[in-house]
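Dear colleague,

Please find below the sequence and the structure that I am handing over to you. My notes on what was found follow directly after them.

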Amino acid sequence: MDSIADMGGTHGWGPAQVPTDEPPFAEPWEGRSFAITVLTMGRISGRNLDAFRHALGRLHPVDYLVDGYYGRWLNAAELMLTDSGILAPGAVDARARRNLGEDVTEPPFPEPDRPDYKPTAGGSLREVDRDPAFAVGDGVRTKDLHPEGPTKLPGYVRRRSGTVTAIRPPHVLPDTHAVFEGENPQHVYTVGFASTELWGPDAEPFTLHVDLFESYLEADQ
Amino acid sequence: MSAAPADRLSPVLRTEALEQLLVERELIDPAVMDTFIKTYEQDVGPLNGAKVVARAWTDPEYRAWLLRDGTAAIRDMGFGGPQGEHMVVLEQTDEVHHVVVCTLCSCYPWPVLGLPPSWYKDPAYRAGMVRTPRRVLREMGLDVPEGKNIQVWDSSSEVRYLVLPRRPAGTEDLDAEALAALVTRDAMVGVAEVAAP
């Protein structure tokens, strides 16, 4: 899906921030949001890291942006919990309003509906039997893919030609893993693109490397 | 969610409410939450990466190993865990400048750098670094000399990248511990150089 999370190359965000010394969590709620989300991902919601990223990508752009990084984590945690039937939609806001003294009825807890999912191993790296389809130095082109569901093919490298710069260990495929349709491990390649291939003849000169799953690629003719 | 900004509850209130709902149903233990928070506030941070860099600067064999098999060489220093499953180390040279970004989320090598800083998570960085890296680096305070070859790495898989900065001149007499104190988080992402002491 083309989501708010797919930000590469988009305009309108203003200048980058000058780095400063900062603590990991600017305010206590950010640490609480972080911990709740990490524990929600697998243990509480029965989902996984890719499902978390897909939850981030499904947020309304306002919910993605308005309260920053740990705000979007909080919203994605809530989405995962409602997806798994742990919380009813609106339960968090209702409780927060009750805490403010408002006369609000909290929705009842739903029937849990965790996905039928169990990882075959820890982490995201897996073995695959078949050989990599591409070798370092091969010319490849990203396919014209526009899935409704999750993908790790950034929009700005879609339908572009590049060169394989490294072969990485095979990974579970987030496109299916995020939605509990199987791990489908694939070879992963780092592909280098000339900046002019991405941004036209007047682009700043540089090389962009991005890690891409085998099913996103075809041999460049 | 998705309420108009004027009607929105603050994330402080919403985080508190969510924690209450999960604690009441015994789905989460606040003490476990505290442990997670403390780990990333106190134990896992850029000092880990700085130790890796300082060892690479002082031990040529380690440096070669780190560039060949970052995961194993970093694990040898005792650093591993979530968001560090497969580590690749990129060496800055006089000719090449590497810089790391994650356009799709804010993926970052937690075991060696801790949790990402605000500038790394900022849309301006995520959007701009893959399009106008020289301009973005300049906005952040780093002027990359004209003609230097810029390589941008978008962390779109579970591979995590760590930049091995150039060792500053005039540090020949420093040991690994003193060198580690010079190495910054920003240099290990590629948005700064390590300054001489």
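**An enclosed strand and its sheet**

E4(A) is largely enclosed by the rest of the structure, because six of its seven residues are buried. Please keep in mind while reading that the model is a predicted one.

E4(A) covers residues 207-213 of chain A and pairs with E3(B) in the parallel sense, over four bridges. Two of the facing residues can be named. A:Leu208 stands opposite B:Val152 in E3(B), and A:His209 has B:Trp153 as its bridge partner in that strand.

E4(A) also pairs within its own chain. Strand E3 of chain A, residues 186-194, runs antiparallel to E4(A), and seven bridges join the two. A:Ala194 is placed opposite A:Thr207 of E4(A), while A:Val188 is placed opposite A:Phe213 of E4(A).

**Where the two chains meet**

The contact between the chains takes 64 residues from chain B and 66 residues from chain A. On the side of chain B that touches chain A, at least two residues each are supplied by helix H1 (11-24), helix H2 (30-43), helix H7 (118-121), helix H8 (123-128), helix H9 (133-139) and strand E3 (149-154). Which of these elements gives the largest share? It is H1(B), with twelve residues. Sorted by class, this side of chain B holds 35 nonpolar, 14 polar and 15 charged residues.

H1(B) meets a helix of the other chain. Two packed helices are described by the angle between their axes and the distance between the axes. The axes of H4(A), residues 68-83, and H1(B) come within 11 Å and cross at roughly 35 degrees, and the crossing is left-handed. In this contact A:Gly71, A:Leu74, A:Ala77 and A:Glu78 of H4(A) meet B:Pro11, B:Arg14, B:Thr15 and B:Leu18 of H1(B). By class, the residues of the contact are four nonpolar, two polar and two charged.

**Chain B as a whole**

Chain B contains eleven helices and four strands. Its C-alpha trace spans about 55 × 35 × 30 Å along the principal axes. Of the 197 residues in chain B, 49% are buried. Among the contacts in chain B with a separation of 6 or more, 71% are between residues 24 or more positions apart.

The domain assignment divides chain B into domain 1 (14-42) and domain 2 (46-189). The C-alpha centres of these two domains of chain B lie 31 Å apart.

**The domains of chain A**

For chain A, the domain assignment gives domain 1 (1-114) and domain 2 (139-219). The C-alpha centres of these two domains of chain A are 27 Å apart. Eleven residues from domain 1 of chain A and eleven residues from domain 2 of chain A take part in the contact between them. The side of domain 1 of chain A that touches domain 2 of chain A has two nonpolar, five polar and four charged residues.

**A closer look at one residue**

A:Ser161 is found in strand E2 of chain A, residues 161-171.

Setting aside neighbours within four places in sequence, A:Ser161 is in contact with A:Gly139, A:Arg141, A:Glu197 and A:Asp220. A:Arg141 lies 20 residues away from A:Ser161 along the chain, yet their C-alpha atoms are separated by 4.3 Å.

With kind regards

Methods: Residues numbered from 1 in each chain as written. Chains lettered and ligands numbered in written order. Predicted model: local features only at pLDDT ≥ 70, side-chain atom pairs only at ≥ 80, totals over all residues. Buried ≥ 20, exposed ≤ 12 C-beta atoms within 10 Å, placed from the backbone. Contact = placed C-beta atoms within 7 Å. Domains from an automatic or database assignment. Nonpolar A, V, L, I, M, F, W, Y, C, P; charged D, E, K, R; others polar. Pairing = 2+ DSSP bridges. Axes fitted to C-alpha atoms, helices over the stretch in contact; angles between N-to-C directions. Left-handed = near helix turned anticlockwise from the far one by under 90°.
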